[in-house]
Amino acid sequence: MTISKQQHDPVQAIRDIQHFGEEGGVVPVIDVAATSTFMQPGDMEKAFHGEIHGCYLYSRHSNPSVVMFGQKLAALEGMEAAIGVGSGMAAVHSAITQLLPEGGHIICSRSVYGGTFALLNNILPRFGIQTTFVNMDDLAAVEKAITPRTKVLYTETMSNPMLRVADLPRLSALARKAGAKLVVDNTFTPLLVSPAKHGADVIIHSCTKYISGASDLIGGAIVSSREFIDSLIDLNNGMVMLAGPVMDSRVAHELYHRLDHLPIRMQAHSHAADFMARGMVEAGIPVTYPGLSSHPDHALLKSLMNPEFGFGGMMAVNLSDPVKAVELARRLQLEKFGLYAVSLGFSRTLMTCSAATTSSEIPPEEQKKMNLSPGLLRMSIGFTGNDRVMLQRFLSCYREIFG
Ligand SMILES: *Cc1c(COP(=O)(O)O)cnc(C)c1O
């Protein structure tokens, strides 16, 4: 039975992926082998020449534990296939370089993860790949930036750290018209938004964040068509095969299980963040949260999202004074409200002043263009603890510093 993308139910799709352990165990074993035996030596040659498929050869090419994780993640995203890689940046780099020919051109949202910006702006031009950065909400600017060499439109579903939402259906239409692929980083919004439903050709995840949920490992993934995922491990032309940023089978095994409770965790993050945001609004604190009707993309996100997961766990407080913003974060950490650390998606709240840290790769004039102010405190709201107690802790620290 084939299910249309519109009907795709990510929770059921995760549930319906089932693998057994070697002796009938209810969980699969971790397959740590670096290389696999060929019982018929002639088959090895055939595998190298692409004459037989689906056999394991060498773990940089494919590994059973990584493949199983990929199957579950692909089911979640409603796409054909996925591959786990060593980090989110490995996913960004592998996907983009696989899609771009020499002299290729990328149109990228101005408001992206600092590492992605630096890769596209500083590294890829050395290999003849140019990027034009635009405000993705300005569709006319996107269209204007398209050239015959444009092969990729790159955006985050919800941008880091400004929490702007990309109009995926419109961007997809523009990409199609230009003969380019729409690549969407869905790190902030797993389950909340299914980019494949809205026309994404390739989906990127930093699994380090929500998919892990425990801030205890680094991982990434690329989700797409079977054909594209297979191209990444092509023996002669695959970026994952040849640059080698593979996911370890032990990490893949961990992530495989964590996908089962990702739906519950995303709901818990959304619930806690929504409560916090509303409490802050009531106290007159300038908070940015996509679940508030005051957010510029609230209606857009509502039209794209899978509503049962809420508006996510990310919020930002716009403090005018960067020195006071850091002081607030310091107080909040002392009061056990959260941890002053980069990253997101942890069960506990994480806080960063983005402009000088995780977005510092983006030069000040670009930061201005994306409306990133130096006093912005980004928070990934955790779901541990009592919502009311956590809100009270925030409010009392805030009042201490801002009166
Ligand atoms: C963290 C992050 C990345 C990079 O992921 P790593 O796992 O740290 O390599 C890419 N995109 C976004 C949106 C991120 O938040």
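Trainee: In which sense do strand β9 and strand β12 pair, and over how many bridges?

Mentor: This is a predicted model, in which local features need pLDDT of at least 70 and side-chain atom pairs count only at pLDDT 80 or more, while totals for chains, interfaces and linings use all residues. Residues are numbered from 1 along each chain as its sequence is written, and side-chain values use heavy atoms, with hydrogens and water left out. Strands are DSSP runs of E of at least two residues, and helices are runs of H or I of at least four, both numbered from the N terminus; two strands pair if DSSP finds at least two bridges between them. Strand β9 covers residues 314-318 and strand β12 residues 376-380, and their pairing is antiparallel, over 5 bridges.

Trainee: Which strands are the edge strands of the open sheet?

Mentor: The open sheet has 5 strands with mixed pairing, in the order β8-β9-β12-β11-β10. An edge strand here pairs on one side only, which is the case for β8 (287-288) and β10 (339-340).

Trainee: What angle does the direction of helix α10 make with that of β9?

Mentor: Axes are lines fitted to C-alpha atoms, for helices over the stretch in contact (heavy atoms within 4.5 Å). Angles run from 0 to 180 degrees between N-to-C directions. Helix α10 (residues 249-282) packs on the sheet and touches β8, β9 and β12; with β9 its direction makes about 20 degrees.

Trainee: How many aromatic pairs are there?

Mentor: Rings of Phe, Tyr and Trp (its six-membered ring) pair if their centres lie within 6.5 Å; planes under 30 degrees apart count as stacked, over 60 as edge-to-face and the rest as tilted. By this rule, the aromatic pairs number 4. One of them is the stacked pair of F394 and Y398, with 6.1 Å centre to centre and 20 degrees between the planes.

Trainee: Why are F394 and Y398 separated by about one helical turn?

Mentor: Both residues belong to helix α14 (residues 387-402). The separation is about one helical turn because F394 and Y398 are 4 residues apart in that helix.

Trainee: Is F394 buried or exposed?

Mentor: Buried means under 20% relative accessible area, exposed over 50%, and partly exposed in between (1.4 Å probe, protein chains only). F394 has a relative accessible area of 0%, so F394 is buried.

Trainee: Which residues do ring pairs link into a cluster?

Mentor: Y398 also forms a stacked pair with F402, at 4.8 Å centre to centre and 25 degrees between the planes. The cluster linked by ring pairs consists of F337, F394, Y398 and F402.
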